Amino acid sequence: CFGFPLSIFFIIINEFCERFSYYGMKAVLTLYFTRFLHWDKNFATAIYHTFVALCYLTPILGAIIADSWLGKFKTILYLSIVYAIGQTVLSVGAINDLTDHNQDGSPDNVAVNIALSMIGLVLIAIGTGGIKPCVSAFGGDQFEDDQEKQRSTFFSLFYLSINAGSLLSTLITPIIRASECGIHTKQECYPLAFGVPAILMAVALVVFVIGSKMYKKVKPQGNVMLEVSKCVGFAIKNRFQHRSNKFPKREHWLDWASDKYDKQLIAQTKMVLRVLFLYIPLPMFWAVFDQQGSRWTLQATAMDGDFGFQIQPDQMQIVNPILIVIMVPVVDSLVYPLIKKCKLNFTPLKKMTVGMFLASMAFVAAALVQVQIDKTYPVFPAAGQTQIKLINLGAVPATVQFQELNQSVEVAPNEATDYMTFETSKLQSLHIMSGTLNDTVPLELLDGKRHTLPFKQVSMDINSDLILDNITSKPASGRSLVRFINNFPVTVNVTMGDTDFGLLDPLSVSNYSEVPKPDRTYAIRASGPQISCEVHSKKFGYGGAYTISIDNCVGNELNIKYFEDMAPNTFHMAWQIPQYFLLTCAEVLFSVTGLEFSYSQAPSNMKSVLQAGWLLTVAVGNIIVLIVAGASTIKEQWAEYVLFAALLVVVCIIFAIMASFYTYIDPNEIEAQFSKEEKEEDKKDQDENEKETEADSRM
């Protein structure tokens, strides 16, 4: 078809669906941990990076299985089945109603959900990692030797399908996740957010199988990684056995393998090890880079995503693939030629060094953003402290005295104070003076908690009711919270949209409830004896908490008053774009150049060894993050960002020093030299054989 083997179109469609499946699931994973499984941010980050590390460790296993036993086709087929099962298990594990027997909206046995989720993630890691090194190589196998141009075009289409799958899934699955579904209660729809990627993986598998009769299937020919490992192992063992001074020293420790392995394999292994030595500092880059899906997503949950339309926190990850698509051609066609015109020797290792530095700057930018976010956070009471907020629901101004502290505060009609912080042991009561009335209110305040005291002059008395505010942090779901105070003289039933806040007695307060869609308005209704009126709410925004007093009805219109208990997210998500831009620049300079450098410095038959080493650096980088997240005692998130930035700068300096001692080689010249020597030896052997034959014939 257009000069291409028809089979490659099945492979490209398969790759698009698989990448959609992987990136779609990965985009919402961190929020699934924190919002559905209710894990704290550090533990969620650790598990997320454990999963990513596993995804980059298993490709080595997949490559060995494909090259040594099953071949690429069967490896892709069998591991894709494992992959699809894993996505399905994860989707089932995310069903809220699975163990919610009492139908209260929370799983009765969350251990079942956790177990299914972990089993699903392990299967996904085995599947996606196992097929990672096989699919592109299997596509390359479909071409004949004289189809170099078509093969090159295939790889371009192949990587385009990866980016397309990543872009679309990172855009779509957070929207699905933010929608609501459930049998008994409506909550964020993680089953469908994981279910759509599971369906796409099943489609990928079906498409791959449909093309099976068209594929060219190359038989397994042994894995060069195993050969290299055996060669290195034998050299170390032989050197250890001949460590005595009796034995002559050899030029390189790998030369001790020459007793068993040929000189060409040893020379090629030396070339590979020189590059792998440079890989040692690289995991620190990936430790920073892969936090886009964990720490940066969690950072976005505390930010305002109103761009005229609502952006979900996990959708911000889409900035990276968009910038990659734009920047790779710009850098290749404009930036690098401009640097070359300036006669600057911008070698691949220098590009990688600059990339590492830019990644550290991205985390400095993230730290600056975090400092601004922290300024918007409410201050909650520390140990030994308590907070109280006063709401005057009456029509007369009031003065409230904190008797033990000799402090007082004025509260205007239908207004509220901010939360005031006191030492718990020193505040036992307060005195309210409103008009000609006054009243002393005893207080039983809990340590480390917030409280609200609504009060109102009614006839010849002051009514008040101390309420415990059961919130100690920003809402974990990222949505806003709302509760109602009944300021009617009679009991009323209050609803907002589909949420029923129940019957509220005069001056009583409902529990907080989440606003399902904080970027929308809702009809607030109050009904009771001879009362039925409603009003449309304002948009609450994300991350806030509000108390709304139901005051009175004028005709059929309900009069209400908003009291802000906690400000919504106000620092805009757009401020994350600079850090994404810096990190994407770093990726272009580091990742793209790193692979290009590795391939240029590797022998033709050992590129897979370097690919395995490269993937291993990604895995180790994620292990670094989970260690830091699990062991760190740093309480301020901005300080952790600065720590990672500082570590990466140190590693960047070490890498720059290592790179300065590296000498670039041309593996093709070295291999050509070996081929020439081999031919000369063969000719010499042939000549000797001919002389012996001639001598024998004379005899």
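## Contacts of Gln387

A polar contact of 2.8 Å links the side chains of Gln387 and Arg450. Here a polar contact is a pair of N or O atoms within 3.5 Å; within protein, one must be able to donate a hydrogen and the other to accept it, and residues adjacent in sequence count only if both atoms are side-chain atoms. The side chain of Gln387 also has a polar contact of 3.0 Å with that of Thr421.

Gln387 lies in strand S3 (residues 385-392). Strands (E, at least two residues) and helices (H or I, at least four residues) are DSSP runs, numbered from the N terminus. Gln387 counts as buried because its relative accessibility is 1%. Buried means under 20% relative accessible area, exposed over 50%, and partly exposed in between, with a 1.4 Å probe and protein chains only.

## Basis of the model

This is a predicted model, in which local features need pLDDT of at least 70 and side-chain atom pairs count only at pLDDT 80 or more, while totals for chains, interfaces and linings use all residues. Residues are numbered from 1 along each chain as its sequence is written, and side-chain values use heavy atoms, with hydrogens and water left out.

Strands of a sheet pair through backbone hydrogen bonds, either parallel or antiparallel.

Strand S4 (residues 398-402) and strand S8 (residues 429-434) run antiparallel and are joined by four bridges. Two strands pair if DSSP finds at least two bridges between them. Gln401 has His431 in S8 as its bridge partner.

## Disulfides and other cysteines

A disulfide is a covalent bond between the sulfur atoms of two cysteines. It is counted here when two cysteine sulfur atoms are within 2.5 Å, and by this rule there are two disulfides. Cys181 is joined to Cys189, with an S to S distance of 2.0 Å. The link of Cys181 and Cys189 is right-handed, with 105° about the S-S bond. Cys181 is partly exposed because its relative accessibility is 24%, whereas Cys189 is buried at 4%.

The other disulfide joins Cys533 and Cys553, whose sulfur atoms are 1.7 Å apart. This pair links distant parts of the chain, 20 residues apart: Cys533 is in strand S18 (residues 531-536) and Cys553 is in strand S19 (residues 545-554). Cys533 is buried, with a relative accessible area of 4%, and Cys553 is partly exposed at 28%. With the bonded cysteines numbered in sequence order, the pairing is 1-2, 3-4. Cys134 is in no disulfide, and the nearest cysteine sulfur, that of Cys55, is 15 Å away. The sulfur of Cys652 is too far for a bond because the closest cysteine sulfur, in Cys585, is 15 Å away.

## Helix H14

Helix H14 (residues 577-600) has 24 residues, so at 1.5 Å a residue it should span 34 Å; its end C-alpha atoms are 33 Å apart, which agrees. The expected span is 1.5 Å times one less than the number of residues. H14 has a kink of about 30° centred on Glu587. The bend at a residue is the angle between axes fitted to the seven residues ending there and the seven starting there.
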